[in-house]
Amino acid sequence: MNVDLNLLLLVLSFFVVATLYSSVGFGGGSSYLALLALFLPNFLEIKSTALLCNLVVVSGSTYLIVKEGLFDLRKFLPLALCSVPMAFLSATLALSQGVFFVCLGSVLALSGGLLVVQYFIQPVTQKFTYAQHSRFFNLLLGAGAGFVSGLVGIGGGILLSPVLHLLRWADARTIAALASFFILVNSVAGLLGQVAGGHFQVNENVLLPLLLAVLLGGQLGTRVSLHKLHPQAVKGLTGIFVLYIGLKLVFSYS
């Protein structure tokens, strides 16, 4: 199999991932990292490329969310306020390849497990409890998710979103909107942190077709999610896939 065919398969995979993940409010960074690990030898390129693809997907998603009137700054700001500096700070840290993949695998396994749990226990009807959560709790939750997102190179939405669903923090559309905004600001902070720490590296020949693929897939997935009910099967399958990749990375590098 030649390099061009490998790149074509990677581009098609990114398009599918962007479509599926954006339909449930995610950027797809976790799966981008897993796919890039099969194609790029430099893990710093993997981390930077995944965050840039994340940024493209959720930029379009956030625009559509604002246009649809789903953006609620009062609810979103406390979670994003502490996440941004923490994502920047953790992205400046220098990790070895082995430590990076163990950290990434652990985060993915946790995220996948939460998604699977959410799929099985989420009731049909919910009483949302946003008002019962203190501002301090939201700041703390945002800071933790932001630190993890900057450390491993994901936007953090795939970790934050299932936690908010399990807490009955808000309805599904509001949480999906929050996840897109959260991934957007943390991806920007993470990229700036990589630049500040001297860890930002990309391969333009690979990056440009991938950015186009996730732009198209992200727009398609977001438009589907804004006008149809969220398919629980997407979250369940996403959780299983992310859990599998996470455990595989932990066992491979520990």
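Me: What relative accessibility makes Arg 168 count as partly exposed?
Reply: This is a predicted model, in which local features need pLDDT of at least 70 and side-chain atom pairs count only at pLDDT 80 or more, while totals for chains, interfaces and linings use all residues. Residues are numbered from 1 along each chain as its sequence is written, and side-chain values use heavy atoms, with hydrogens and water left out. Buried means under 20% relative accessible area, exposed over 50%, and partly exposed in between (1.4 Å probe, protein chains only). Arg 168 falls in the partly exposed class because its relative accessibility is 37%.

Me: Where is Arg 168 found?
Reply: Helices are DSSP runs of H or I with at least four residues, and strands are runs of E with at least two, numbered from the N terminus. Arg 168 is not a glycine, yet has a positive phi of about 55°. Its place is the loop between helix 7 (157–166) and helix 8.

Me: How many of the 26 residues of helix 8 are buried?
Reply: Helix 8 covers residues 172–197 and reaches 36 Å from its first C-alpha to its last, close to the 38 Å expected at 1.5 Å a residue; the expected span is 1.5 Å times one less than the number of residues. Just after helix 8, Gly 198 has a positive phi of about 75°. Helix 8 is largely enclosed by the rest of the structure, because its count of buried residues is 19.

Me: What is the C-alpha to C-alpha distance between Ser 48 and Phe 200?
Reply: Ser 48 is found in helix 3 and is buried because its relative accessible area is 0%. Leaving aside residues up to four places away in sequence, Ser 48 touches Leu 191, Gln 194, His 199, Phe 200, Gln 201 and Val 202, where contact means heavy atoms within 4.5 Å. Ser 48 and Phe 200 are 152 residues apart in sequence, and their C-alpha atoms are separated in space by 5.9 Å.

Me: At roughly what angle do the axes of helix 2 and helix 3 cross?
Reply: Axes are lines fitted to C-alpha atoms, for helices over the stretch in contact, and angles run from 0 to 180 degrees between N-to-C directions. The axes of helix 2 (residues 29–36) and helix 3 (residues 43–67) come within 9 Å and cross at roughly 145°.

Me: How many disulfides does the structure hold?
Reply: A disulfide is a pair of cysteine sulfur atoms within 2.5 Å. Cys 53 is buried, with a relative accessible area of 0%, whereas Cys 82 is partly exposed at 25%. The number of disulfides in the structure is 0.
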